[in-house]
Amino acid sequence: MTPTDPVIDIAELCKTLGGRRVLNRLSLQVRRGETLAIIGRSGTGKSVLLKHIVGLMKPDSGRCSVLGVDTATAGDAGIGALRRRVGYLFQSGALLAAMDVLENVALPLRECESGLSEARIRETVRETLALVNLEGVESRMPSELSGGMRKRVGLARAIVRRPELVLYDEPTSGLDPIGTSSIDDLIRSMKSVLNVTQVVVTHDMASARRIGDRIGLIWEGRIYFVGTPAELEATDDPTVRQFVGGLTTGPMTEGIGETQLLRNRPRGDAPAE
Amino acid sequence: MSARRQEGMRAAIESAGYTLGLLARAALLSRSSWKKRAEILSQSTVCGFGAFPVAMVVGAFTGMVLALQAGITLKTWGQEALIGVVVPASMVREMGPVMTAFILAGLVGSTMAAEIGTMAVSEEIDALEVMSINPVYYLVMPRVLALSFVTPVLTLYVDVVGILGGAFVGDRLLGLTYAEYMRNTLDTLDLKDIYSGLFKAFLFGALISSVGCAQGLRATGGAEGVGRATMRTVVICFVYILIFDYILTWLFYH
């Protein structure tokens, strides 16, 4: 894999869950070092896409290559090695409720990196917590933390092994506007401090604009639009406009047919087929 | 067979397959159990000590009821001294392991299902996986090993308490001295009775923990799902215990 190769290269990815085609020939490329925000309505497959990227789900068909590893065909060892290079922040933070903050953040180091001294582990945890602007919380239990803090600790755990790629599942959901902005700032700072590639799934338009080098809109199981925030603002595609403007009427809510949607598709982002 | 019953049967077989597969994976991973010794020890403590008081009551009354039932019948022929043979043999071969397993299914199996089920519905299991930590190694293997070794220990305790319970009933209600009872016990109980019972207990421990973990890992749908997983664990454990008890008895004594 050369430095110019895309970090994530997905082509024609299909996934059916509970009889519903959630991802329908989805194609996407993420370049090294960029932050891609993926927006879309609830239940349109944003989290499912992230789960394919870390191999928690396998595609029914299509290709999903991440950091040079094809998650569809890689065995347990290959997926395990890939996951050591990827950080994942869950919507809820997904901290282990039975452990304090220190143990939660130290978990990937203790379980997967052999030969680290206790002092080294503690030092790394402290440094990582400082990166997410948390200090002196090591001995607190997850239940004693606010929603925003839990996400910060979750982020600290995701980046404690200094991954090459960080995935965020709705990092700002359930936070107040100030909490949202501070998580957005953190995501932006990760890019410069750790020099990572990031994919952020969100339904918060303001957040996506702030953090995304590019923004992708997922609709009907595909990446319907992808472009810079400026390009997103400039497009007059009615579907994109509806989501960006938060309008209740428009193609997204009319339940219009596939053919019509294809006709509405903007030039420059040709459908996958 | 109706379609619904067929569906239910399929689900039960699939669930049994998953559970036994999980047990096999945990057994394979136990090669590296030394690294998890602290967790195994703490699980053993939790499983074992919690169950001791209940086990004492259950063990004592099981032995007492066996002595009473057998004693009443045997007294008709003036053979009440034989309860010193009947009670210990039933306890050690059958009632000890099975009663212990029932207690542990309700006490420990359900706790495992609730604990791991809560982790599953709050994405903690997914979180382990994306950190490349194998949940079977991290959560299931220590629990299976702990309960597999705690169950025989607890069974031995239930056996002893049950035999003493029988002796107490013999002494109080059947006019049998402790010495007579114990002499009969020691004369007739052989090593095979004891090790076959303890082997059953070992297998029951492995089954209960893998059912609890399997139900927990597959829990979906929030608090309600965790509740369902817990309830299912107890029911499935009871069924498995009785089926495997029959199979093992057949293998040992056929």
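Start with chain B and colour it by secondary structure: from the N terminus on, its elements run α-α-α-α-α-α-α-α. That makes eight helices and zero strands, where helices (H or I, at least four residues) and strands (E, at least two) are DSSP runs numbered from the N terminus. The model is predicted, so local features need pLDDT of at least 70 and side-chain atom pairs count only at pLDDT 80 or more, while totals for chains, interfaces and linings use all residues. Residues are numbered from 1 along each chain as its sequence is written, chains are lettered from A and ligands numbered from 1 in the order in which they are written, and side-chain values use heavy atoms, with hydrogens and water left out.

**Chain B as a whole**

The chain averages 93, and 100% of the residues score at least 70. Confidence is lowest in helix H6 (residues 178-188), at a mean of 91, and highest in helix H7 (residues 191-217), at 96.

Zoom out: the C-alpha atoms of chain B fill a box of roughly 70 × 50 × 35 Å along the principal axes. Of its 254 residues, 48% count as buried; buried means under 20% relative accessible area, exposed over 50%, and partly exposed in between (1.4 Å probe, protein chains only). Among contacts in chain B with a separation of 6 or more, 86% come from residues 24 or more positions apart; a contact means heavy atoms within 4.5 Å.

**B:Lys200**

Select B:Lys200, in helix H7 of chain B. Is this lysine buried or exposed? B:Lys200 counts as buried, at 2% relative accessibility. Leaving aside neighbours within four places in sequence, B:Lys200 is in contact with B:Arg93, B:Glu94, B:Pro97, B:Asp245, B:Leu248 and B:Thr249.

**Cysteines**

Next, show the cysteine sulfurs. A search of the whole structure finds zero disulfides over all chains, a disulfide being a pair of cysteine sulfur atoms within 2.5 Å. For B:Cys213, the nearest cysteine sulfur is that of B:Cys47, 9.8 Å away. B:Cys237 is in no disulfide either; the nearest cysteine sulfur, that of B:Cys213, is 10 Å away. B:Cys213 is buried at a relative accessible area of 0%, and B:Cys237 is buried at 2%.

**The interface**

Show both chains. The contact takes 22 residues from chain A and 15 residues from chain B. About 1500 Å² is buried between the chains, 60% of it on carbon and sulfur atoms; buried area is the accessible area (1.4 Å probe) that two parts lose on being put together, summed over both.

How many salt bridges does the rule find across the interface? There are two, a salt bridge being a side-chain nitrogen of Lys or Arg within 4 Å of a carboxyl oxygen of Asp or Glu. Select B:Lys36 and A:Glu111, which form a salt bridge with their closest N and O atoms 3.3 Å apart. B:Lys36 counts as buried at 9% relative accessibility, whereas A:Glu111 is partly exposed at 27%.

**Salt bridges within chain A**

Move to A:Glu113 and A:Arg161, a salt bridge with the closest N and O atoms 3.8 Å apart. A:Glu113 lies in the loop between H3 and helix H4 (118-131) of chain A and A:Arg161 in the loop between helix H5 (147-159) and strand E7 (165-169), so the pair ties together parts that are 48 residues apart in sequence. A:Glu113 is partly exposed, at 29%, and A:Arg161 counts as buried, at 16%.

**Sheet and hairpin in chain A**

Show chain A as a cartoon and find the open sheet of four strands, ordered E2-E1-E4-E5 with antiparallel pairing. Strand E2 (20-30) and strand E5 (69-70) stand at the edges with a single partner strand each, so one side of each is left without a neighbour in the sheet. Two strands pair if DSSP finds at least two bridges between them; strand E1 (residues 8-17) and strand E4 (residues 61-66) are joined by five. In that pair, A:Ala11 stands opposite A:Arg63.

Finish at strands E9 (residues 214-219) and E10 of chain A, which run antiparallel and are joined by five bridges. They form a hairpin with two residues between them, and A:Glu220 in the turn has a positive phi of about 55°. Five of the six residues of E10 (residues 222-227) are buried, so this strand is largely enclosed by the rest of the structure.

Note on methods: pLDDT = per-residue confidence, 0-100.
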